[in-house]
Number of protein chains: 2
Amino acid sequence: MSQQQIRIGIAGYGNLGRGVEAAIARNPDMALVGVFTRRAPESVQTLSAQTAVHPIASLPDYRDAIDVLILCGGSKDDLPHQGPEMAAMFNTVDSFDTHARIPEYFASVDAPAKANGKTALIAIGWDPGMFSLNRLYGEALLPDGATYTFWGKGLSQGHSDAIRRVPGVKAGVQYTLPSPEAIKQVRSGTRPELTTRQKHTRECHVVLEEGADAAAVEQAIVTMPDYFADYDTSVNFISEETLRTEHNRMPHGGFVIRSGNTSEAHTQVIEYALQLDSNPEFTASVLVAYARAACRLNAQGQYGAKTAFDIAPGLLSIKSPAQLREELL
Amino acid sequence: MSQQQIRIGIAGYGNLGRGVEAAIARNPDMALVGVFTRRAPESVQTLSAQTAVHPIASLPDYRDAIDVLILCGGSKDDLPHQGPEMAAMFNTVDSFDTHARIPEYFASVDAPAKANGKTALIAIGWDPGMFSLNRLYGEALLPDGATYTFWGKGLSQGHSDAIRRVPGVKAGVQYTLPSPEAIKQVRSGTRPELTTRQKHTRECHVVLEEGADAAAVEQAIVTMPDYFADYDTSVNFISEETLRTEHNRMPHGGFVIRSGNTSEAHTQVIEYALQLDSNPEFTASVLVAYARAACRLNAQGQYGAKTAFDIAPGLLSIKSPAQLREELL
């Protein structure tokens, strides 16, 4: 670990934490101090054999050894208490993604971070995160316009869980797909009014329990309120083998499209698209780039909670401002 | 003009200046102080009859009346002297777009701005500008990857001028088009090595002088060094009428695509695309959003030259940070 490297800690080691470990290895100005976990450290298999694993309770001992702690817990059960607690001890970056609770979470992290001279970046990732940035840029550049967010093709964890709760279902996954017809309309710049249902379809791949009634299962899924009833939903029955071999990835992505007029005669269309082989690995890569910004902001005395909206893009790059102007502008 | 509005001046009134006038009308927190021109003010026809027109030499009298001056001159002849001169008196935003000279231009504007407590945003627009930002974000989020910029379909002023200099050509326009095959390869995430020639084709629409030899004109165009010799170039002969009715717009746009790996198994693709009916109006809209940021940065005491890389996205929005977190994150 060189003196100049940014020293990173990972709190929580699921898919996201593993993605952070992989991303740090691709950023030469960063060094991984270790993984901090609630599990028995010796039971955790890290990507690299060199990665140290410590009990999460030992984190306070690492206050001086870690420049930025990346919080890889979940938004429902972990971050609401972990975010404020850790922001009192470390500069942090997290991917809190319960959109409706962001203002309240922001406030809960802001106070301890400010009180302790720490910088806490919240809601970092791609949505919230890069998609949010593109909603903001689109609106600011084309104030007379409309913004559309499409998700997919992507595996939805919540909807996959809902399928698995249907009696007769042994296993299954659900993909959200953007509707090609809706995307075409939006790209034309005509600013159509579209409901979420018109913008997306849902595709289910289901493994039945032995002897289950396929028609009844299909009916239970497509009529499920909140999850499927409002969508065009297709249900395919597959074998366990197919589920394991063809649905073992976590692809995701989508589009943010802003169309607007700069004069009556002229329509302009801005589109930001992500096509992700692995949702958690991409989210982790975003967290790691923002960890660089957290470290720099803290060095500038910029304390408290911040979101992607507050971060100048240049702070994400390993390159110096002069180098960025010369090479990328 | 309300007390809270940002007071904008426009220096130079060509297509870009006119676009700025149109954009200000779409941003309720801004007010236009006036257009400042080298031409005789009474000869200038503005979009709105309400717009005041003043001689550019009177600008020093407006130091206290203008919060941000938007420089709408050209990068070749106007900005190299106007940028530094105006940055000593005003907060400025410009669209300096000679990529190779940006470091030198930055330094020439930075010194007078800093010395006089002004904020000068340079090289704002879409390339340099939004495309530069997306090259930066792409590289920072996917350090193990490759970035591709495609332009078009778009009218190229420089290449259109080159056509018009060919003997026998009365008038003409040139469009740059991205190659669909190259875009497809890049989107696949395979990181192909592509030359500018492989990425683009050039399409010329030419009106011949009476009695000119079409074959000779075509040959002169497609073999012209620097401009066309290295590209697949097509030449179409059209009437003056067709030129006037079908080629009177200034469309442009393009793509910035970053593909990269977050692990050996997983490729991720980020794409930013613009589809512009009017290149100058879109550039003007970007300038106006950044004028908001210039005003805010100056109020924070952030003096000197800055580029889009230095500007936190939230500074571009009319909305407050709390509103942005609630509505767009």
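In what order do the strands of the seven-stranded open sheet of chain B lie? The views below start there, and every view shows a predicted model.

**View 1. The seven-stranded sheet of chain B.** The order is β3-β2-β1-β4-β5-β6-β14, the sheet is open, and its pairing is parallel. At the edges lie β3 (53-55) and β14 (304-306) of chain B, each with a pairing on one side only. From one strand to the next, the twist averages 25°. Helix α3 (residues 102-115) of chain B packs on this sheet, where it touches β5 (91-94), β6 (119-121) and β14 of chain B. The direction of α3 makes about 140° with that of β14(B).

**View 2. Strands β1 and β2 of chain B, side by side.** Strands of a sheet pair through backbone hydrogen bonds, either parallel or antiparallel. Here, β1 (residues 6-11) and β2 (residues 30-37) of chain B pair in the parallel sense, over six bridges. To find your place, look for R7(B), whose bridge partner in β2(B) is A31(B).

**View 3. The four-stranded sheet of chain A.** This open sheet has the order β8-β9-β10-β11 (chain A), with mixed pairing. Its edge strands are β8 (154-155) and β11 (232-237) of chain A, and each pairs on one side only. Strands β9 (residues 169-178) and β10 (residues 200-208) of chain A run antiparallel and are joined by nine bridges. Within β10(A), V207(A) is the residue opposite A171(A). Helix α5 (residues 157-164) of chain A lies across β8, β9 and β10 of chain A, and runs at about 145° to β9(A).

**View 4. Helices α1 and α10 of chain A, where they cross.** The axes of α1 (residues 15-24) and α10 (residues 279-299) of chain A come within 8 Å and cross at roughly 55°. The two helices, α1(A) and α10(A), are therefore oblique to each other. The crossing of α1(A) past α10(A) is right-handed. Residues of α1(A) in the contact include L16(A), G19(A) and V20(A), while among those of α10(A) are E281(A), A284(A) and L287(A). By type, the residues of this contact are eight nonpolar, four polar and one charged.

**View 5. Chains A and B about their axis.** A rotation of 180°, with 0.0 Å of shift along its axis, superposes chain A on chain B with an RMSD of 0.1 Å. The two copies are thus related as by a two-fold rotation axis. In chain A, the C-alpha nearest the axis belongs to A312(A), 1.9 Å from it. Of the interface residues of chain A, 100% are also interface residues in chain B, so the copies meet through the same surface.

Technical notes: Residues numbered from 1 in each chain as written. Chains lettered and ligands numbered in written order. Predicted model: local features only at pLDDT ≥ 70, side-chain atom pairs only at ≥ 80, totals over all residues. Heavy atoms only, no water. Pairing = 2+ DSSP bridges. Contact = heavy atoms within 4.5 Å. Axes fitted to C-alpha atoms, helices over the stretch in contact; angles between N-to-C directions. Parallel < 35°, antiparallel > 145°, perpendicular 65-115°, else oblique. Left-handed = near helix turned anticlockwise from the far one by under 90°. Nonpolar A, V, L, I, M, F, W, Y, C, P; charged D, E, K, R; others polar. Least-squares fit on C-alpha atoms with pLDDT ≥ 70 in both.
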